[in-house]
Amino acid sequence: MRRAYFKFSWIAAALLAPQLMIIFVFFYWPSAQALYWAFTLEQPWGGGNTWVGFENFQNVLSDEYYWGSVRVSVIYALATTALAMSMALILALFADRQLAGYRAYRIGLIWPYAVAAPAVGLSFQFVFNPGAGIFSYLNTLSPGVWDPSVYPSQAIASIVIAGAWKQVAYSFIFFLAALQAIPRSLSEAAVMDGARPLRRMIDLQLPLLTPTFFFLLVINITDSFTDSFGIVDTLTGGGPFRSTDLMVYKIYTDGFRSLDYSGAAAQSIILMLLVMALTFVQFRYIERRVHYT
Amino acid sequence: MAKISIRDVRKSYGKDQVVHGVNLEIANGEFIVVLGPSGCGKSTLLRMIAGLETITAGQISIADIVVNDLEPRERGCAMVFQNYALYPHMTVAENIGYALKVARVPKAERMERVAKVGASVGLTEFMDRRPGQLSGGQRQRVAMARAIIREPRVFLFDEPLSNLDAKLRVQMRHEIRRIHNRISATSVFVTHDQQEGMTLADRLVVMNKGVIEQVGTPSEIYDHPASVYVGGFIGSPAMNFLSGQVDRGTSSVKLANGDRVEIATSIATRHHGKLVQIGIRPEGMTMVPAGQGTLNATFEFVEELGAGRLYSLLFEDLTIAVLANDRQTLAPGTPVGLHIPATSVHLFDADTGKRIEAAPLAALQMVPA
Amino acid sequence: MIERTPFLNIATHVILLSGLIIIIVPIWLAFVAATLTLQQVNSAPIELWPSDQLWVNLQEAWLLSDFGTKFLNTLIVATSVVVGKITLACITAFALVFFNFRGRMLIFWMIFITLMLPLEVRIVPTYAVAANALSPFQTIMDATGLTWLINTVSGIEVSLEWNLLNSYTGLILPLVATATGTFLYRQFFLTIPDELVEAARMDGAGPLRFLWDVLIPLSKTNIAALATIMFVYAWNQYLWPLLVITDRANYGLVVVQLSDLIPDQQTTGGGTPTWHLAMAATLVVMLPPIAVVVLMQRWFVRGLINTDK
């Protein structure tokens with residue numbers, strides 16, 4: 001940290017207090033409580049909680065539905081990230097050439113970031129609906145071939161597509177900014193060396209994008225674990241047969257529908273650890289290399 | 001090697017014209033320095049030769065082929081950039097060899113040539129390093145090696161030495177000249193440092209505000225500056241300027257306060273009555289006891305240069321600089337006389353700033369107005 | 001520079017246009033659906049061109065979901081989150097950067113860690129806290145015996161309760177609880193040259209004066225950037241409002257309302273799905289954040305890049 005200028009006084013304390021208070025009440029306390037609940041079991045007829053050690057975790061980890069949830073979450077994370085990032089990368093590389101219509105393309109590819117997850121889910125619900133949407137066309141050719149409420153793989157495909165759609169804008173913004181941060185003289189030197197545009201993309205731009213790439217990779221994966229609730233809730237509701245029951249969704253249904261607080265708490269802890277691990281990886285190993293000189 | 005022809009070239013960005021009708025012929029193997037302050041259009045001109053900027057009007061030919069519409073890779077030019085523009089993710093060897101890789105030169109041959117060129121600029125131990133691990137001077141040499149390996153017809157330098165410290169700059173100047181001689185390419189070197197221009201150039205091109213003010217060898221430009229601008233820009237310490245009017249009768253220029261500076265009779269006769277600016281270089285005057293010289297001034301202060309002294313004298317609200325070799329001590333305010341021989345006087349038209357000669361001198365290369 | 005690449009240029013436009021089209025397709029379809037009638041929207045194959053029922057559908061959806069109140073609510077919440085987050089971020093970052101005190105790094109890390117866990121991951125316990133925001137203090141007081149002490153001494157039973165459910169505060173405070181803005185501000189404050197601070201001190205300015213007269217005017221662009229991101233973030237919140245608000249009539253938010261419009265057994269009572277209304281509602285709900293992003297594009301992009309570094 002840098003040199004400070006003012007000596008500590010009540011002013012500083014007063015300025016820090018609000019944020020500290022809020023994060024205590026709404027972050028640290030709930031996190032501690034989640035830990036508490038994860039290691040205890042609520043008495044069914046009131047009377048406090050009893051310590052059960054790792055029993056809740058064991059229950060959760062031996063639940064095949066839980067592992068199903070983990071599996072689909074991982075598939076979802078990898079698939080949406082791969083789709084969204086590859087599309088964003090290609091679009092950014094070509095948008096960076098700044099041909100005619102650059103401003104229009106740019107804004108056209110950025111605005112989806114502003115669409116709320118449930119709005120995305122709802123629109124895609126309509127698109128994927130077997131009876132009324134665009135995919136219903138498939139059903140006119142061969143009745144019943146498309147129905148995400150029946151076929152798990154189709155349900156998973158639909159949340160992946162919706163999720164990827166939502167994530168393209170974010171990665172596009174970062175890729176484009178990183179490309180524009182490459183000094184112009186580097187491109188000119190490559191031009192003087194005889195490299196044509198595609199060659200420059202491969203030899204110059206892609207290598208220099210590597211740090212941004214890894215940064216976005218982790219962010220996309222992390223976000224897909226947490227951001228996906230709105231999409232699942234409006235698109236598939238976790239079904240059919242829990243095939244799209246992402247981890248964050250399962251926590252919600254177990255906690256608020258089934259009222260299994262202990263189980264939900266245990267699952268929350270596991271998810272928290274996972275997200276923290278990913279964030280840690282990002283800050284420790286990737287942030288450092290984002291400034292490439 | 002190739003000769004370069006620049007004919008009536010103009011450059012505009014939208015409505016903004018930055019280069020106005022430049023004409024220049026560069027001979028085979030010449031080392032041309034384009035000199036001027038920031039914003040004078042010199043870099044733009046260089047980049048138009050390279051193909052990094054489009055040419056709004058006019059024509060540029062390299063080796064008698066018009067290159068206006070040719071891509072940079074088709075022109076046979078190599079460029080050394082101001083901030084070197086080295087590929088940060090490639091090693092020195094890969095940086096140098098990149099152009100060959102693009103040209104699909106077989107790997108064995110490529111590596112051999114890279115090693116050779118690397119050795120010629122003294123970078124053999126650094127071949128596996130990345131640019132981020134090199135010093136400024138080393139990076140400069142990589143940039144040069146990258147240009148040399150292409151064996152170009154034309155070498156372009158865009159202020160490559162501006163980012164180096166003074167001592168390194170002098171060293172690299174010699175390096176560049178040596179390489180130019182060895183490879184015998186045609187070189188166009190852009191800089192704002194007039195001393196750099198004077199030391200490096202076969203011929204000097206002085207630019208200002210998008211036009212060429214004068215083209216000539218360094219000594220020609222120093223001895224016969226074509227305009228007030230060139231006179232004031234070239235030479236350090238700078239030329240002194242005084243305003244006055246030509247008087248045929250006394251064969252002199254009469255200054256505002258009545259003092260007369262002697263000039264050649266032929267010039268005085270031809271240009272009687274003209275309002276002029278006279279330019280005198282600091283080394284072109286001598287200090288004499290007060291009352292004995294052409295002008296009287298007052299001593300203000302002196303700068304000790306070691307190899308001489310630069311005296312600052314106050315004359316009618318103007319500061320006049322005089323270069324001298326003495327060791328006298330003067331108190332501020334002491335009256336001093338200045339002797340200005342007619343041979344030291346450069347005469348310029350007060351309106352146009354252009355040089356006034358007695359008769360057109362065929363030997364001079366002056367750009368038509 | 002001079003570069004003749006006609007084929008590549010055509011390919012570039014093709015690629016970019018395709019990307020644009022792929023992105024637009026779902027929204028275009030939603031738009032088209034919003035302009036159709038109930039019958040049209042349920043017949044296959046789907047229409048690709050808009051009809052004329054847009055205004056009618058919008059009105060119906062608006063009334064059906066009581067969007068008037070909800071839009072107002074969402075606006076209030078989003079604006080409050082923006083204001084709250086910016087103010088909080090500003091003063092916290094200021095205290096962290098410009099004051100020296102023991103435990104500075106510790107407090108910094110404590111705030112930093114909150115970035116790691118977004119709300120979705122801790123919904124269950126956060127909800128419990130929202131049910132009684134003072135429960136942490138209650139528990140602490142109980143645990144340390146303070147309650148017992150006060151009880152014995154004065155006979156007063158301390159029972160702290162502050163129910164944040166179904167209230168604006170409950171919607172706003174937990175969203176303000178992470179450190180995103182604080183980091184943007186901190187990074188910005190770190191770029192303030194030392195000389196500026198020293199000059200202000202020489203001029204006799206105390207810390208608060210310095211903050212108000214120098215730092216805040218300088219951070220106008222930061223404020224714009226942060227405001228844009230936070231507005232979009234707050235407006236698009238789904239999970240948290242879903243949990244915290246059961247009194248939809250008074251406190252419902254627009255984005256949450258969308259889930260109610262999904263045509264299924266519940267909404268249509270077994271009748272024909274009302275996709276045209278759902279889509280009309282979706283369009284209306286999407287509009288404000290999109291407008292903000294498009295109009296404030298420059299600041300928005302800048303803010304995104306700076307907050308996530």
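## Close-up views of a predicted three-chain model

View 1. Leaving aside residues up to four places away in sequence, B:Gln140 touches B:Tyr84, B:Pro160, B:Leu161, B:Leu164 and B:Met172. B:Gln140 belongs to helix H4 of chain B, which covers residues 136–148, and its relative accessible area of 0% places B:Gln140 among the buried residues.

**View 2. Helix H18 of chain C and its bend at C:Leu287.** The helix runs through residues 275–295, 21 residues in total, and spans 30 Å between its first and last C-alpha atoms, close to the 30 Å expected at 1.5 Å a residue. Of the 21 residues of H18(C), 15 are buried, so the helix is largely enclosed by the rest of the structure.

**View 3. The interface of chain A and chain C.** Chain A contributes 101 residues to this contact and chain C contributes 112 residues, and the area buried between the two chains is about 10,200 Å², with 79% of that area coming from carbon and sulfur atoms. The count of salt bridges between chain A and chain C is one, formed where the side chains of A:Arg200 and C:Glu3 meet at 2.8 Å, N to O. Polar contacts between these chains amount to 14 residue pairs, with both residues of each pair at pLDDT 80 or more. On the side of chain A that touches chain C, helix H1 of chain A (residues 10–38) gives the most, with 21 residues.

**View 4. The interface of chain B and chain C.** Here eleven residues of chain B are in contact with four residues of chain C, and together the two chains bury about 570 Å², 50% of which lies on carbon and sulfur atoms. One salt bridge is found across the interface of chain B and chain C, in which the side chains of C:Arg4 and B:Glu74 meet at 3.5 Å, N to O. Four residue pairs, with both residues at pLDDT 80 or more, are in polar contact across the interface of chain B and chain C.

Key:
Residues numbered from 1 in each chain as written. Chains lettered and ligands numbered in written order. Predicted model: local features only at pLDDT ≥ 70, side-chain atom pairs only at ≥ 80, totals over all residues. Heavy atoms only, no water. Helix = DSSP H or I, 4+ residues; strand = E, 2+ residues; numbered from the N terminus. Expected span 1.5 Å × (residues − 1). Bend = angle between axes of the 7 residues up to and from the residue. Buried < 20%, exposed > 50% of the residue type's maximum accessible area, 1.4 Å probe, protein only. Contact = heavy atoms within 4.5 Å. Buried area = accessible area lost by both parts, 1.4 Å probe. Salt bridge = Lys/Arg side-chain N within 4 Å of Asp/Glu carboxyl O. Polar contact = N/O pair within 3.5 Å; in protein donor to acceptor, adjacent residues only side chain to side chain.
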